[in-house]
Amino acid sequence: MSKGMLIDITKCIGCRACQTACKQWNDLPAVSTSFSNDWSNPPELNAYNWTRVGFHLLEDGDQVQWRFAKRQCMHCNEPACESACFVHAFVKTPEGPVVYKENLCVGCRYCMLACPFQVPKYEWDKAFPLVRKCRMCYDRLQEGMEPACTTACPTGANIFGDREELLAEAKRRIKNNPGKYIDHVYGEKEVGGTSVLYLSDVPFEKLGFRTDITTKGIPQYTWSVLKWTPHIAIGWTAILTALYMYTKRRADVEEEDGH
Amino acid sequence: MDQYTRWTFRMTPYRVVLIALTLLMVGVATYRLLFGLGAATNLNDEWPWGLWIGFDVLTGVALAGGGFSTCFIIHILHKKKYHSIARAALLTSLIGYLLVMGGLFFDIGRWYNFWRPFFYWGHHSVLFEVFWCVSLYTTVQVLEFGHILFERIKSEPLKKLFDWMLPGLFIIGVMLPTLHQSSLGSLYIITVDRLYPTWWSMIIPVFFLTSAVFVGPAMVTFEGWLASKAYGRNFQAEMPVLTSLWKVTAWLLAFYFVLKCIDLTYRDAWGYVFNGSFEANMFLVEILGFILLPLVLFLIPSVRNSVGGLVTTSILVVVGVVFNRMNVVFTGMADAAGGHYFPSWMEWSLTIGLISAGILVYCFVVENFNIFHEDQEAYKAKLKKEKARAVADGGAPVQA
């Protein structure tokens with residue numbers, strides 16, 4: 001059964017234990033940080049920061065409130081990166097995680113252009129760089145463990161489980177707490193659904209989530225055009241051959257008539 | 001063909017500069033291959049694709065589109081009056097594609113893995129189709145050139161072999177570019193909801209294909225004019241052929257404009273054209289300045305029949321296609337991508353060096369192979385025939 005994560009933003013306290021757990025488990029090097037306006041740290045997702053808690057200081061009338069939104073790969077049900085990769089280095093596993101077979105990678109970076117969430121990052125400091133991103137601790141899942149980030153979460157803001165059950169839980173929380181949540185499970189329908197789901201009490205666009213996004217799987221857009229390729233190749237070759245023979249004959253006849 | 005007895009390469013000050021730029025490029029390319037993209041370029045996580053993909057590959061393939069469109073007209077439709085430009089168009093297209101392959105090779109992060117897509121089929125990727133088509137088509141063009149090569153090297157059996165292959169090569173050599181010229185546009189279908197809506201469309205492959213075809217005659221005109229300057233050839237004599245070929249461009253410019261209007265209406269995207277944003281204004285400049293203006297100019301007889309007029313109009317079309325590809329890669333993506341990108345001096349150097357190398361190869365080939373002279377042979381034969389006919393008619397021989 002396909003696994004997923006449910007991140008309830010109302011429960012996140014911004015402790016960043018998940019960031020640290022991710023770095024430790026995946027053996028990612030520290031990157032130098034700088035002071036950022038919103039106190040987020042590290043400043044951005046990159047090849048060595050696979051998850052990052054975004055700090056958002058929101059104004060609500062004369063009140064200000066903090067909200068913390070953990071971001072990482074969304075593990076799309078229909079990943080744009082998988083469809084974009086011309087050596088099939090990205091694979092959506094039946095277990096849920098979207099994983100990357102690094103030995104196949106040519107380094108074209110079309111996945112980075114393709115991702116609707118700008119998740120895949122590149123090791124720009126290396127001579128032969130790899131694309132890096134969260135893999136929902138696929139190695140831990142295979143050993144029957146949860147991802148490092150969900151085990152580290154002290155408040156239960158980030159929980160791991162079967163995606164369908166998590167979706168039902170999210171809807172239950174919305175229903176049982178009238179007025180608390182925005183009536184929207186982010187990731188239920190976005191780009192055809194994602195393994196990572198979010199609940200929030202403030203509009204998602206205020207937390208940097210893209211809400212003006214298609215609900216159709218992005219690979220479907222490409223495939224609806226790309227599927228015509230073999231038909232065009234064969235049909236067009238046939239037409240060109242016919243044209244070639246017809247106009248050649250005509251030109252030959254003209255030549256004979258003309259002289 | 002007695003004039004070709006030795007291989008020659010004339011040295012001029014311009015060529016010394018081009019050679020210097022090429023050598024600098026070789027140095028930069030070596031540095032990039034050894035130390036990586038991060039060391040050599042300003043590419044970053046927001047801008048994974050930059051000058052090399054945007055200009056060298058996307059624009060380079062489009063500008064080399066003159067090869068397959070003239071091949072279609074001359075060899076598939078057997079329009080013999082355009083024969084005089086066939087070899088020049090093939091040569092520039094072949095050089096163009098070799099540069100594209102070069103540019104692409106330097107752009108891939110793990111270049112020792114470049115062969116992977118031949119064996120690991122990500123058939124659901126547009127890039128997979130582009131990779132296969134561009135590789136095959138470059139091979140096809142090299143084989144097409146065999147016809148010219150073995151005429152020069154004088155190996156009858158080999159020339160016969162390559163001549164025998166030509167019809168098949170012509171047909172495949174039109175089919176493959178039709179696919180990948182359009183697919184270069186399809187690459188951006190995946191940027192749905194991110195590429196600015198004046199450029200994003202489900203039919204962006206049709207726009208890319210159409211513009212790759214209409215830029216063909218413009219590019220042939222522009223290159224022919226440059227070559228006539230460089231080699232002291234009579235450009236005026238080629239004008240009737242070029243003006244006639246240019247009609248294809250005029251029709252397709254009109255088609256492109258009408259299709260754009262239909263597409264914008266269908267997607268209800270006219271609001272994005274006139275909202276005054278930077279993207280909208282760039283789009284308006286593209287359509288008004290580089291689609292409608294050259295079309296209107298061509299429709300004026302005094303403009304299209306003058307060398308200056310036709311060349312200027314052609315330059316507008318060529319610049320327009322460059323502008324369009326840059327808009328898709330950079331202008332249209334800027335808002336969604338965020339961050340900042342401007343090519344590093346090494347990126348510029350590699351691009352400029354590749355073009356310099358291309359010009360040098362072009363010069364070498366036209367000076368050592370029969371690229372331009374085919375038409376002059378035909379012209380001489382025609383004169384001879386007229387002369388013979390005049391003699392047969394009992395009149396005086398015409399003055400040649």
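Two strands are counted as paired if DSSP finds at least two bridges between them. Helices (H or I, at least four residues) and strands (E, at least two) are DSSP runs, numbered from the N terminus. The structure is a predicted model, in which local features need pLDDT of at least 70 and side-chain atom pairs count only at pLDDT 80 or more, while totals for chains, interfaces and linings use all residues. Residues are numbered from 1 along each chain as its sequence is written, and chains are lettered from A and ligands numbered from 1 in the order in which they are written.

Chain A contains 8 helices and 9 strands. Its C-alpha atoms occupy a box of roughly 95 × 45 × 40 Å along the principal axes. The radius of gyration is taken over C-alpha atoms, and the globule rule is 2.2 Å times the number of residues to the power 0.38. For chain A the radius is 25 Å, whereas a compact globule of 259 residues would have one near 18 Å. A residue is called buried if 20 or more other C-beta atoms lie within 10 Å of its own, exposed if 12 or fewer, and partly exposed in between, with C-beta atoms placed from the backbone. By this criterion, 39% of the 259 residues in chain A are buried. Two residues are in contact if their C-beta atoms, placed from the backbone, lie within 7 Å. Of the contacts in chain A with a separation of 6 or more, 58% are between residues 24 or more positions apart.

Within chain A, strand S2 (residues 52-60) and strand S3 (residues 63-71) pair in the antiparallel sense over 9 bridges. A:Val53 is opposite A:Lys70 in S3(A). The hairpin of S2(A) and S3(A) has 2 residues between the strands, and A:Gly61 takes a positive phi near 65° there. Chain A also has an open sheet of 3 strands in the order S8-S1-S9, with mixed pairing. Strand S8 (158-162) and strand S9 (196-199) of chain A are at the edges with a single partner strand each, so one side of each is left without a neighbour in the sheet. From one strand to the next, the twist averages 25°. Strand S1 (residues 3-8) of chain A runs parallel to S9(A), to which 4 bridges join it. A:Leu6 is placed opposite A:Leu197 in S9(A).

Chain B has 15 helices and 0 strands. Its C-alpha atoms fill a box of roughly 80 × 50 × 40 Å, taken along the principal axes. Buried residues account for 46% of the 400 residues in chain B. Among contacts in chain B between residues at least 6 apart in sequence, 78% link residues at least 24 apart.

In chain B, helix H5 (residues 86-107) packs against helix H9 (residues 204-231) at an angle of about 100°, with the axes 11 Å apart. Axes are lines fitted to C-alpha atoms, for helices over the stretch in contact, and angles run from 0 to 180 degrees between N-to-C directions. H5(B) is thus roughly perpendicular to H9(B), a class that spans 65 to 115 degrees, with angles under 35 counted as roughly parallel, over 145 as roughly antiparallel and the rest as oblique. B:Ala88, B:Ala89 and B:Thr92 in H5(B) meet B:Val220, B:Glu223, B:Gly224 and B:Ala227 in H9(B). The residues of this contact comprise 4 nonpolar, 2 polar and 1 charged. Ala, Val, Leu, Ile, Met, Phe, Trp, Tyr, Cys and Pro count as nonpolar, Asp, Glu, Lys and Arg as charged, and the others, Gly among them, as polar.

B:Pro343 lies in the loop between helix H13 (307-337) and helix H14 (345-368) of chain B, and with 19 C-beta neighbours inside 10 Å it counts as partly exposed. B:Pro343 and B:Thr41 are 302 residues apart in sequence, with 6.6 Å between their C-alpha atoms. B:Leu24, in helix H1 of chain B, is also partly exposed, with 16 C-beta neighbours inside 10 Å. Neighbours up to four places away in sequence aside, B:Leu24 touches B:Ser349 and B:Gly353.

Between the chains, 43 residues of chain B are in contact with 48 residues of chain A. On the side of chain B that touches chain A, H8(B) gives the most, with 7 residues. By class, that side has 25 nonpolar, 12 polar and 6 charged residues.
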